[in-house]
Amino acid sequence: MRDVREAAREYRKPDALPPDIRALREGWNAMALAHGFPAWGERTSRRMAEDALGALRRRPLEEWLRVFALVPRSPACRGELSNRLRANVVWVLTWTRAGLEVAEQLLSGAWSLDPERPEAPPHEEPGAAVCLEDVPMGTEAARAWARVLAALRADGKHRACEGLECFRAVALDDAGLEVAAPDQFSLDWMQDTCRGLVNGYAHRTGLAGLRFVVQEQEEEYSPPVAPAEPVETLPFEPPPSIAPAAESLPDGVERVFFAARGCSYTWQPYRDDPAARRLLALAGTGGVPEVLRRWGHGVEARYRQRCDTLADLVRRWEANATPEYRPDTSPPAETRRRADVDVGRGEYPPALEVPDTPAGRAWEQLLEELRAAGQSYVAGHAAGRGLPVALEGPCLVVEAKDQYALNGLELFAQPALDNAARALGLELRVTLAGQPADAGGLQ
């Protein structure tokens, strides 16, 4: 049954593919392996071959190669939009769910593209001996190491590749390939996690073996400085010649994260160690300060640049070069809903200015009666929401400036005000400003 299923699928090896489809596959893999996109595997199904033939009928091979070159420059293909989907060869050769041809969107400029970067010349070791085909030995070693990483990516070992990108090939000889790790930490990580895997893929690419060393740091020459005169220091002061120690990346990540979020950053080695190595490689000569600068932008952002982990910063490295800017779209202050300061905090509005009239003096006596009865909280609400306007015999008329203030008096002060008014022989009537006293309200 297994043989029948395999025959029905009609998987084809690369050598059995038609020449045009084989050239299309090689062109995609040349781009995909260099930029981390999923590779076109060793086996090609019948459906995949039909999609490739249909694509070649729509466009010539040279035009598809131009499309493949534009894929790494497109944020939509890199998975930086809301759907988080990274492009593969099947999607690029066909259409999107909306019925748009991916190649047409890239070639016509309908999808945004990053500016094209000039290609850096290949690194050549100065004074390296020249082997066959006039290729410097350092370049040949780099090509051998690149073939090992490409084989890992082709089989989906992307996590191992991310951790090994900071390793550099040093020399290639009959005994195998010598690879230098940037520091002892990276070398220990490789030894503990993927040493056997990398050796296996090295043998598959034709290498006799791998030797790993720690890269030697070049010391910069500094002219001798005349010894300074001894300076007297207090016991708790450090000597003036001692420079402060440089901040490490984990310490800086924790400091920036705590300052922005108010909590500690949870460092997970399997996730953050490869991301930290990748960030330092992207920072180049900027080093840890450059990583922390962009990390601060991502931690403080709330929209597209938001970063919760170092892996997020790797994906948004270019976007975090400058702080995120969003225009203020909030409504004007006069159109915003008035905040209710009384909810949840036990506060009351500031007291209104009471006029020096018979009504004002009666109102002050009523408030004092409330405070004497231990109801200062109710008196504060009444003083901030009501204003005495008239005293007609025993009837004291108090105005609330709006319905909001009237509702507050009814909610916080109605029973206590009635009791205090009766104790003083008064009749209290509260109404809205601009309405007659008998128009309703608190009586």
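Biologist: What share of the 443 residues in the chain is buried?

Modeller: In this predicted model, buried residues make up 36% of the chain's 443 residues. The chain exposes about 27,500 Å², and carbon and sulfur atoms supply 53% of that area. The secondary structure comes to 18 helices and 6 strands.

Biologist: Of the contacts with a separation of 6 or more, what percentage joins residues 24 or more positions apart?

Modeller: Such residues account for 62% of those contacts in the chain.

Biologist: Which residues have the most contacts inside the largest nonpolar core?

Modeller: That core has 29 residues, and those with the most contacts inside it are Leu24, Trp28, Trp40, Trp64, Val71, Leu93 and Leu106. At least two core residues come from each of helix H2 (19–35), helix H3 (46–58), helix H4 (61–70), helix H5 (89–93) and helix H6 (102–108).

Biologist: Which residues are in contact with Trp40, leaving aside its neighbours within four places in sequence?

Modeller: With those neighbours left aside, Trp40 is in contact with Ile21, Leu24, Arg25, Trp28, Asn29, Met48, Ala52 and Val89.

Biologist: Is Val67 buried or exposed, and where is its place?

Modeller: Val67 belongs to helix H4. It counts as buried because its relative accessibility is 0%, the limit for a buried residue being under 20%. Not counting residues up to four places away in sequence, Val67 touches Val92, Ala103, Leu106 and Leu107. A C-alpha separation can be read alongside such contacts. The C-alpha atoms of Val67 and Glu104 are separated by 8.8 Å, while the two residues are 37 residues apart along the chain.

Biologist: Where does Ser74 lie, and which residues does Ser74 touch?

Modeller: Ser74 lies in the loop between H4 and H5. With 0% relative accessibility, Ser74 also counts as buried. Residues up to four places away in sequence are again not counted, and Ser74 then touches Leu106, Trp111, Ser112 and Leu113.

Biologist: How is a pair of aromatic rings described?

Modeller: The description uses the distance of the centres and the angle of the planes. The structure holds 10 aromatic pairs. One of them is the edge-to-face pair of Trp28 and Phe68, at 5.3 Å centre to centre with 75° between the planes. Trp28 lies in helix H2 and Phe68 in helix H4, so this pair ties together parts that are 40 residues apart in sequence. Trp28 and Phe68 are both buried.

Biologist: What are the distance and the angle for the aromatic pair of Tyr265 and Trp295?

Modeller: Tyr265 and Trp295 are 5.6 Å apart centre to centre, with 80° between the planes, and the pair is edge-to-face. It links distant parts of the chain, 30 residues apart: Tyr265 is in the loop between helix H11 (249–261) and helix H12 (269–283), and Trp295 is in helix H13 (residues 287–300). Tyr265 is buried, with a relative accessible area of 10%, and Trp295 counts as buried at 0% relative accessibility.

Biologist: Which residues do ring pairs link into a cluster?

Modeller: The cluster consists of Trp28, Phe37, Trp64 and Phe68.

Biologist: Over which rings do the charged ends of Arg86 and Arg294 sit?

Modeller: For Arg86, the charged end sits over the ring of Phe37, 4.3 Å from the ring centre. For Arg294, the charged end sits over the ring of Trp317, 4.2 Å from the centre.

Biologist: In what sense does strand E5 pair with E4, and in what sense with E6?

Modeller: Strand E4 (residues 386–392) and strand E5 (residues 395–400) pair in the antiparallel sense over 6 bridges. Leu387 has Glu399 in E5 as its bridge partner. The hairpin of E4 and E5 has 2 residues between the strands, and Gly393 takes a positive phi near 65° there. E5 and E6 pair in the parallel sense, also over 6 bridges, and Val398 has Val430 in E6 as its bridge partner.

Biologist: How many residues of strand E6 are buried?

Modeller: Strand E6 (residues 427–432) is mostly covered, with 5 of its 6 residues buried.

Biologist: In which strand is Cys395 found, and which residues are in contact with it?

Modeller: Cys395 is found in strand E5 and is buried, with a relative accessible area of 10%. Leaving aside its neighbours within four places in sequence, Cys395 is in contact with Ala390, Glu427 and Arg429. The C-alpha atoms of Cys395 and Ala421 are separated by 9.6 Å, and these residues are 26 residues apart along the chain.

Note on methods:
Residues numbered from 1 in each chain as written. Predicted model: local features only at pLDDT ≥ 70, side-chain atom pairs only at ≥ 80, totals over all residues. Heavy atoms only, no water. Core = buried A, V, L, I, M, F, W, Y, C linked by side-chain atoms within 4.5 Å. Buried < 20%, exposed > 50% of the residue type's maximum accessible area, 1.4 Å probe, protein only. Helix = DSSP H or I, 4+ residues; strand = E, 2+ residues; numbered from the N terminus. Contact = heavy atoms within 4.5 Å. Phe/Tyr/Trp six-rings, centres within 6.5 Å; stacked < 30°, edge-to-face > 60°. Lys NZ or Arg CZ within 6 Å of the ring centre and 35° of its normal. Pairing = 2+ DSSP bridges. Areas by Shrake-Rupley, 256 points an atom, 1.4 Å probe, with all protein chains shown as cover.
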